[in-house]
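Here is a short tour of one protein model, meant to be read with the coordinates open beside it. We begin with the sheet, then turn to a helix and the charged pairs.

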Amino acid sequence: MKIHALRILASLAIACGLLDAQQTRAAAGPAKAAFVFGGVGYLHRWSMNHQHEFTPEGQEDLEKWSDMITINVYPEAHDGEALATKANAVLENYKSHEGKVLRTSSVPRTPKQPAEHFIAVVFGRPNFIEVAFARFKLVDGLGCSIVYSHRIYGEKIGDQMSAWLKNNAAQMERALMEWNEMPSPGSFDRDLPRKGGLPSEGKASGQ
């Protein structure tokens, strides 16, 4: 009888512990967005070395997402020349991953702001098409790229992506190039937890 009673007490303790944990999670509420882009909050999903991936709420699955922002930090790039070198290297990397370059441009240097660079590229894969808009800039004296990517899944979806680009490409480029609310890239490398495994599955852009 004593053993039976102990088992009941242990079961009750475990049940209470689980209930407390559930209540704690509920009280904590939803995860806080790392930043807002285009009116949408993006949550941190994955980091490794100097690469960080963020997706909106409801797009936790890195094997099947629709919208993603990837921030790459280049610790060795501290001036405009080094940043341009990185942008050119990424452009060649996009091409090596069978990317079709849609547009490239640069914002000239001013007395107050170093030059910036922009690349738009689309990748076709058997089960999805991905478009990436990449902005290269110096933030707090540190080179980085901010890449907004959009995917459409399925087969024979070229017309869908063409329509999306027609309706959204200019707007997304403008939003990306005007976005000034990104936290310091140094804080990403310092504060974001590193997560095991691979980044976004089959990421076409090869970041």
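## The sheet

Eight strands form an open sheet in the order E1-E2-E3-E4-E8-E7-E6-E5, and their pairing is antiparallel. Strand E1 (35-37) and strand E5 (100-107) are the edge strands, each pairing on one side only. From one strand to the next, the twist averages 25°. Please keep in mind that this is a predicted model.

Zooming in on one pair, strand E6 (residues 116-125) and strand E7 (residues 128-139) run antiparallel and share nine bridges. One place to look is Phe123, whose bridge partner in E7 is Glu130. Helix H3 (residues 158-178) packs on the sheet, where it touches E1, E5, E6, E7 and strand E8 (142-153). The direction of helix H3 makes about 10° with that of E7.

## Lys86 in helix H2

Helix H2 spans residues 80-96 and includes Lys86. Is Lys86 buried, partly exposed or exposed? Its relative accessible area is 25%, so Lys86 is partly exposed.

Leaving aside residues up to four places away in sequence, Lys86 touches Tyr74, Glu76, Ala77 and Phe136. Ser145 is 59 residues from Lys86 along the chain, yet their C-alpha atoms are separated by 9.0 Å.

## Salt bridges

How many salt bridges does a search of the whole structure find? The search finds six. Side chains of opposite charge can pair when their charged atoms come close.

One of them sits within helix H2, where the side chains of Glu92 and Lys95 meet at 3.6 Å, N to O. Glu92 and Lys95 are about one helical turn apart because three residues separate them in this helix. Both are partly exposed: Glu92 has a relative accessible area of 47%, and Lys95 has 42% relative accessibility.

Another salt bridge joins the side chains of Glu173 and Arg103 (3.0 Å, N to O). This pair links distant parts of the chain, with Glu173 in helix H3 and Arg103 in strand E5, 70 residues apart. Glu173 counts as buried at 16% relative accessibility, whereas Arg103 counts as partly exposed at 39%.

Lys137 and Glu116 also form a salt bridge, with their closest N and O atoms 3.9 Å apart. Here strand E7 supplies Lys137 and strand E6 supplies Glu116, 21 residues apart, again linking distant parts of the chain. Lys137 is buried, with a relative accessible area of 11%, and Glu116 is buried at 6% relative accessibility. Together with Arg135, Glu116 and Lys137 are linked in a network of salt bridges.

Notes: Residues numbered from 1 in each chain as written. Predicted model: local features only at pLDDT ≥ 70, side-chain atom pairs only at ≥ 80, totals over all residues. Heavy atoms only, no water. Pairing = 2+ DSSP bridges. Helix = DSSP H or I, 4+ residues; strand = E, 2+ residues; numbered from the N terminus. Axes fitted to C-alpha atoms, helices over the stretch in contact; angles between N-to-C directions. Contact = heavy atoms within 4.5 Å. Buried < 20%, exposed > 50% of the residue type's maximum accessible area, 1.4 Å probe, protein only. Salt bridge = Lys/Arg side-chain N within 4 Å of Asp/Glu carboxyl O.
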